Amino acid sequence: MFVILTYDVGQKRVSKVMKTCRRYLQHVQNSVFEGTITETRLNKLKAELEKIIEKEVDNICIYELASVKYSRKVQIGAVAVFDNIIT
């Protein structure tokens with residue numbers, strides 16, 4: 001399946017959330033990741049993120065698309081290049 005993941009988390013947890021997401025998906029904007037992932041790996045990602053965030057204040061949204069066939073991505077403006085190198 002294809003997923004788009006966005007997050008809004010406290011500053012203390014941003015680095016951990018970003019590093020975790022980079023292991024599973026492509027980093028496309030500051031707090032946005034996307035990519036093709038199996039359901040098993042997505043469940044593992046969700047479990048890891050749940051251990052990092054504070055559910056009372058943090059927010060992670062995951063949009064699951066069964067196929068990219070019926071989706072379209074339009075980008076307007078500068079396209080930043082993010083790599084998957086964990087620092």
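Is glutamate 50 buried, partly exposed or exposed? Glutamate 50 is partly exposed, with a relative accessible area of 47%.

A word on the model comes next. This is a predicted model, where local features need pLDDT of at least 70, side-chain atom pairs count only at pLDDT 80 or more, and totals for chains, interfaces and linings use all residues. Residues are numbered from 1 along each chain as its sequence is written, and side-chain values use heavy atoms, with hydrogens and water left out.

Start with the overall plan. The protein has two helices and four strands. Here helices (H or I, at least four residues) and strands (E, at least two) are DSSP runs, numbered from the N terminus. Along the sequence, the pattern reads β-α-β-β-α-β. The protein has 87 residues, and 30% of them count as buried. Now look at contacts, meaning heavy atoms within 4.5 Å. Take those between residues at least 6 apart in sequence: 72% of them join residues at least 24 apart.

Turn to the strands. E1 and E3 pair in the antiparallel sense over five bridges. Two strands pair if DSSP finds at least two bridges between them. E2 and E3 also pair in the antiparallel sense, over three bridges. These two strands, E2 and E3, form a hairpin with two residues between them. Find phenylalanine 33 in E3. This residue is the bridge partner of leucine 5. Phenylalanine 33 is also the bridge partner of histidine 27. E3 is mostly covered, with four of its five residues buried.

Next comes helix H1, residues 11-22. This helix has 12 residues. From first C-alpha to last, H1 reaches 17 Å, close to the 16 Å expected at 1.5 Å a residue. The expected span is 1.5 Å times one less than the number of residues. Which residues of H1 are buried? They are Arg13, Val17, Met18, Thr20, Cys21 and Arg22. These buried residues pack against strand E1 (2-8), strand E2 (26-29), strand E3 (32-36) and helix H2 (39-52).

Threonine 20 is buried, with a relative accessible area of 5%. Its side chain reaches the backbone oxygen of lysine 16 at 2.8 Å. That is a polar contact: a pair of N or O atoms within 3.5 Å, where within protein one must be able to donate a hydrogen and the other to accept it, and residues adjacent in sequence count only if both atoms are side-chain atoms. An α-helix has 3.6 residues a turn, so residues three or four places apart point the same way. Leaving out residues up to four places away in sequence, threonine 20 touches Leu45, Glu48, Leu49 and Ile52.

Now the nonpolar core. Such a core is a set of buried Ala, Val, Leu, Ile, Met, Phe, Trp, Tyr and Cys residues joined through side-chain atoms within 4.5 Å. The largest one has 16 residues. Leu5, Tyr7, Val17, Leu25, Phe33 and Leu45 touch the most other members. E1, H1 and H2 each supply at least two residues of this core. H2 gives the most, with four residues.

How many salt bridges does a search of the whole structure find? The search finds five. A salt bridge is a side-chain nitrogen of Lys or Arg within 4 Å of a carboxyl oxygen of Asp or Glu. Arginine 13 forms one with glutamate 54, with the closest N and O atoms 3.2 Å apart. Arginine 13 lies in H1 and glutamate 54 in the loop between H2 and strand E4 (59-65), so the pair ties together parts that are 41 residues apart in sequence. Arginine 13 is buried, at 13% relative accessible area, whereas glutamate 54 is partly exposed, at 39%.

Arginine 13 forms another salt bridge with aspartate 58, with the closest N and O atoms 2.6 Å apart. Aspartate 58 is in the loop between H2 and E4, 45 residues from arginine 13 in helix H1. Both arginine 13 and aspartate 58 are buried.

Glutamate 50, from the opening, meets lysine 55 in a salt bridge (3.8 Å, N to O). Lysine 55 is exposed, with a relative accessible area of 55%. Elsewhere, salt bridges that share partners join Arg13, Glu54 and Asp58 into one network.

Methods. Buried means under 20% relative accessible area, exposed over 50%, partly exposed in between (1.4 Å probe, protein chains only).
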